[in-house]
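Colleague: I would like to go through how the parts of this model touch one another. Please start with the terms.

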Amino acid sequence: MNVKDLIKSYGRKKVVNEVSFEVPKGKVLSLIGPNGAGKSTVMGMISRLIAKDSGAIHFEDKDLTKWKSRELAKKLAILTQHNNIQMKLMVRELVAFGRFPYSGSRLTPEDNAMVDKAIEYMELEEYQDRYIDELSGGQRQRAYIAMVIAQDTEYVLLDEPTNNLDIYHASNLMRIARRLCDELGKTVILVLHEINYAAFYSDYICAFKDGYIAKFGKVDEVINKDCLKDIYNVDFEIIRVKDKPLSVYY
Amino acid sequence: MNKVNAHRRNALVLAILAAAVILAVMLYLNINSYPEKPQLHAYIMSLRMPTLVCMVIASVAIGAATLVFQSIVNNRIVTPALLGMNSIYSFLHTAAVFVFGTGSALYLNANLAFGVDLVLMGVVATFVYWHLFKKTGHNILYIMLIGTVLSSLFGSIQSSMIRIMDPDEYDALLNSLVADFNNVNGEIIAFSIIALIVIWAVLYRDLRQLDVIAMGRDRAINLGVDYDNCIRRLLFGVVCCIAVATATIGPVSFLGLIVANLSRQILRTYKHSHLIVGAGLMGMIALIGGQLVSQHIFHFTVPVSTFVTIAGGLYFLYLLLFKKGAY
Amino acid sequence: MCLSAFSLFLGAIELDIAKLIAGDWEQVRILVISRIPRLLAILCTGVGMSVAGLIMQKLCMNKFVSPTTGATIQSAQFGIALSMIFFPTMGLGVRTFFAFALAVIGTLLFVFFVQKIKVKDTVLVPLIGIMFGNIIGGVTNFLSFQWEINQQLSTYFSGSFALIIKGNYELVYLVLPLVILVFIYANHFNIVGMGQDFSKNLGVNYSLILIMGLSIAAVITASVIVVVGQISYIGLIVPNIVSMFKGDKIRGTLVDTGLFGALFVLVCDMIARTIIAPYEIPIELVAGIIGSIIFIIMLYYKLTHGKRGKKGVKAGE
């Protein structure tokens, strides 16, 4: 996937300005930056939820807008921040919706097998017949991810997946994102607030500031004193844990 | 509760509802029908049958329209009627007669009038509500407030037009223009059944996507739904269903709200195919049962719509205040 | 603005007189018996309804509350229906009393209800009010069908100045002393409108003033309903339009609100009478059409211009 000169304005304010980058295939890419830097908007545009003003997004050498929605849904899945579905829905039924792009509402045996696999992968077997509004926040988030897994796409986009989760569930979730890439070979793109999660679990980081890309590169190229100071206007110390650069600020 | 049980339970609930409908129909047709006097019996039947069929048609149309609409806007307390779709229909119907006069074929031929209304309604209302959604950014409280005001606006314009047309015979003209339970529009039964079937057939593919659409825009797009176009077509269907219901039995404001929510509550499922059937059946029970009560307990003095308004209004306040999650 | 209001309703009087003087002396009698009462009734209605709306908006701290959206009108009608059922032979006095009592009770109920459950969303409050009114209206309907007075009631309720002649409209004068009362207590209402803590801090008895203000608004509305019938939206839009130009202090805007209300009703009445002369459309309908269009424009305006503020709130959450 390749993004070129993306621009988006709300009113007079340009929230995304001439953003270009290429998504490294089979890796984990995190988008970071201060509030309002445009990272979530970029995510929205590459997942076709938000219309772009100008620029081009190429996905597998074809313009994103030229794709049929249903075909794209087999290649690319997004999990947004707002997950308040008001339906009486069991976990298994939710996960089964991931197969909708393939079979509509009638599931084939292969679909059911995929659903089983996704539930198993997220360790949700014991919850699969529970209604989603009866679950805790962490469990529900896992159920949504299971749906994305069942969708069986090459690309998985997660918009601030750690929001509203406690440290335990948040770090669990990051590990899952890593495993999606390492074990299932997916390309994972995340929007993250937590710099350290990005540093620890990603391969590449794209840092935004005021709608521009401040820095794009491998983790070590972005997570260093000068670069972070430039993005966040705060002094950072970098310490290395398990050979990853973690930042400390105060 | 596991899945198989839930399914069996829902099937049972639907069966009970269906049985209740049949019971209501039997009661409605047979109480005080004087089977020993064939002529009187035939006369009573000729009055009751069209009313019955119209109520059934309207129940299905209102139930389906409300459920679809709620899933489109992703909200449980709005209904097409609350947003004034009924009044828009009555308004357009009156406007057509107003423009072409009471002597025209449009006033005299019920089926022609209905056809014209349906087309007008489809275009005007779809445009109005589509614009409303876009403009308010799907802010549901604004949509509702504007909707209620719109319905009073169209109501006022309609009454004014009727008064301008014929200030002396206001009530008579109003009666002939707007159907109600004791004065159903029996002439268009065949047409409205055909209309409903055509709508269903045309929108079949979109209706199949409803379960996904109900999860919200982002999620539906993620799962490969052509969202905007699909919504617009479904909205068109909703509008037409409301037109059919209003044309046959007149405006009933809160019926959709009650049956759609009860259906969701009783049938604990997300599947629209089940929910719509449930809502339709409950609508029939409410209308036919209400008509029974109105006929035999209040002797026609109190129209069914009065009960529906009181019960529906209370239920609406309850939803608005105590089911915060609903909007 | 005052001037324009004055000139316009002067114009309206002259219009009437010109038409009448052209005839013979007999016409003067019509003038005294029908035209002048009508004009006065119109003016009182306009002033009363818009002032009532203004008070309710101030006290509830919500720009969308008014007799129409606060269940006052329907409560008063409910009262009239009750009086017709239980005291069918009694005259205007009993009817008026019932309308007053029920209007006050209904309005207070609504306001306390809304405050009790702490509805914060500006748009939710009028919605609840409208529904509340719908339910009361439904009950009224039910009773009227049951006691077969619906014919009588529906002519009674439909807002129209057509039936106003000398001898049956004087009740509407009650609006005047009440408006003067409002003027005297304007500052109190302003303070109460800023909230319970605020008024306690300034030594104002919150509940007393709140109840008093709402009661006055309800009684004004009820007296208009008894005499004229239901006229929607005046109490809602007039105060809003005036406050757009004049700001939010009650005493400053009270006079303008009253005058503008009178002007609004007058214009509606002229439209109502001329459009299908010699018949007339009930003013209720004209006011309903013009009023609801203006109200929708107001909502649109708020949507387009209030966005920045709303976004700030959302981000803060």
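Modeller: Two residues are in contact if their C-beta atoms, placed from the backbone, lie within 7 Å. The model is predicted, so local features need pLDDT of at least 70, side-chain atom pairs count only at pLDDT 80 or more, and totals for chains, interfaces and linings use all residues. Residues are numbered from 1 along each chain as its sequence is written, and chains are lettered from A and ligands numbered from 1 in the order in which they are written.

Colleague: Which helix gives the most to the side of chain A that touches chain B?

Modeller: The contact takes 23 residues from chain A and 20 residues from chain B. Helices and strands here are DSSP runs numbered from the N terminus (helices H or I, at least four residues; strands E, at least two). Helix H2 (69-73), strand E6 (76-79), helix H3 (91-97) and helix H4 (100-103) of chain A each supply at least two residues. With 4 residues, the one that gives the most is H2(A).

Colleague: Is H2(B) parallel or oblique to H14(B)?

Modeller: The axes of helix H2 (residues 38-73) of chain B and helix H14 (residues 272-296) of chain B come within 8 Å and cross at roughly 140°. Axes are lines fitted to C-alpha atoms, for helices over the stretch in contact, with angles from 0 to 180 degrees between N-to-C directions. Angles under 35 degrees count as roughly parallel, over 145 as roughly antiparallel, 65 to 115 as roughly perpendicular and the rest as oblique. Therefore H2(B) is, relative to H14(B), oblique.
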